[in-house]
Amino acid sequence: MNAIEVYASLFISSFLSSTILPGHSEIILTAFIFLKKYPIIDLIFFASIGNILGSILNWCIGYFLTNLKDRKWFPINKSQLTRASSWFLKYGKWTLFLSWVPIIGDPLTIIAGIFRVPIHTFILIVSLAKTMRYVFISLVVTNVF
C-alpha cells in the first residue's frame, strides 16, 4: 500500500468507528504502527481527524433529527438513548470526554446534539478525548509505557 491508501483507509476506518458502524480503527492504527513505514504522528492525525468528523456527524444527527428518534432506523436504540441521556443530564458536556469509549461514546455524541451542546465546545472536548486515545494507543504499541 502506498501512503495515500494507508492514510485513507485509516481515516475511513476511524470515521466509521465513531459512528454506529464497525470500523476497528485501533486495530488498523496498531497494524500500521507495527509496519514502521509511516510516521506515527501522521497516523495519529488521520485517525483522529476521521474519528472527530464521525463524531460531528453524530452530533448533527442528534441536533437535526431529534424528532425522528422513535424511528426504527434511528442510529441508537431507546435503552442506549436513555442511558446516555441520564449520564449527560447528570454530568453535562464533560461526559464528552468519554466519547472515545466503545458502546457509550457514540450515543453520547448524538445526545450532545440532542441537548444542543454548542458545536465549538463539542469539537474541542471530543477532539481532545479522541486524539488522546490514539496517542495512548501509539505509546502502548511502541512500548513507551
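This is a predicted model: local features need pLDDT of at least 70, side-chain atom pairs count only at pLDDT 80 or more; totals for chains, interfaces and linings use all residues.
## Helix 1 against helix 2

Helix 1 spans residues 3-17 and helix 2 spans residues 25-35; the two pack at an angle of about 155°, and their axes lie 8 Å apart. Because an angle over 145 degrees counts as roughly antiparallel, helix 1 is assigned that orientation relative to helix 2. Their crossing is left-handed.

On the side of helix 1, the contact involves V6, S9, L10, S13, S14 and S17, which meet S25, I28, L29 and F32 of helix 2. By class, the residues of this contact comprise 5 nonpolar and 5 polar, with no charged residue.

The loop between helix 1 and helix 2 contains S18. This residue counts as buried because its relative accessibility is 0%, the cut-off for that class being under 20%.

The side chain of S18 reaches the backbone oxygen of N51 at a distance of 3.0 Å. Leaving aside residues up to four places away in sequence, S18 touches G50, N51, G54, S55, N58, D106 and K130.

## Helix 2 against helix 6

Helix 2 also packs with helix 6, at an angle of about 45° and with the axes 10 Å apart. The two helices are therefore oblique to each other. Helix 2 passes helix 6 in a right-handed crossing.

Helix 2 contributes S25, E26, L29, T30, I33 and F34 to this contact, and helix 6 contributes R133, Y134, I137, S138 and V141. The contact divides into 6 nonpolar, 3 polar and 2 charged residues. S25 and L29 of helix 2 take part in the contact with helix 6 and are also listed in the contact with helix 1.

## Loop residues with positive phi

K36 is located in the loop between helix 2 and helix 3, the latter covering residues 40-64. The phi angle of K36 is near 55°, a positive value in a residue other than glycine. K36 is classed as exposed because its relative accessible area is 73%, and the exposed class begins over 50%.

R116 is located in the loop between helix 5 (105-114) and helix 6 (119-141). Its phi angle is near 60°, again positive in a residue other than glycine. With a relative accessible area of 42%, R116 is partly exposed.

Methods: Residues are numbered from 1 along each chain as its sequence is written. Side-chain values use heavy atoms; hydrogens and water are left out. Axes are lines fitted to C-alpha atoms, for helices over the stretch in contact, and angles run from 0 to 180 degrees between N-to-C directions. Helices (H or I, at least four residues) and strands (E, at least two) are DSSP runs, numbered from the N terminus. Angles under 35 degrees count as roughly parallel, over 145 as roughly antiparallel, 65 to 115 as roughly perpendicular and the rest as oblique. A crossing is left-handed if the near helix is turned anticlockwise from the far one by less than a right angle, and right-handed if clockwise. Contact means heavy atoms within 4.5 Å. Ala, Val, Leu, Ile, Met, Phe, Trp, Tyr, Cys and Pro count as nonpolar, Asp, Glu, Lys and Arg as charged, and the others, Gly among them, as polar. Buried means under 20% relative accessible area, exposed over 50%, partly exposed in between (1.4 Å probe, protein chains only). A polar contact is a pair of N or O atoms within 3.5 Å; within protein, one must be able to donate a hydrogen and the other to accept it, and residues adjacent in sequence count only if both atoms are side-chain atoms.
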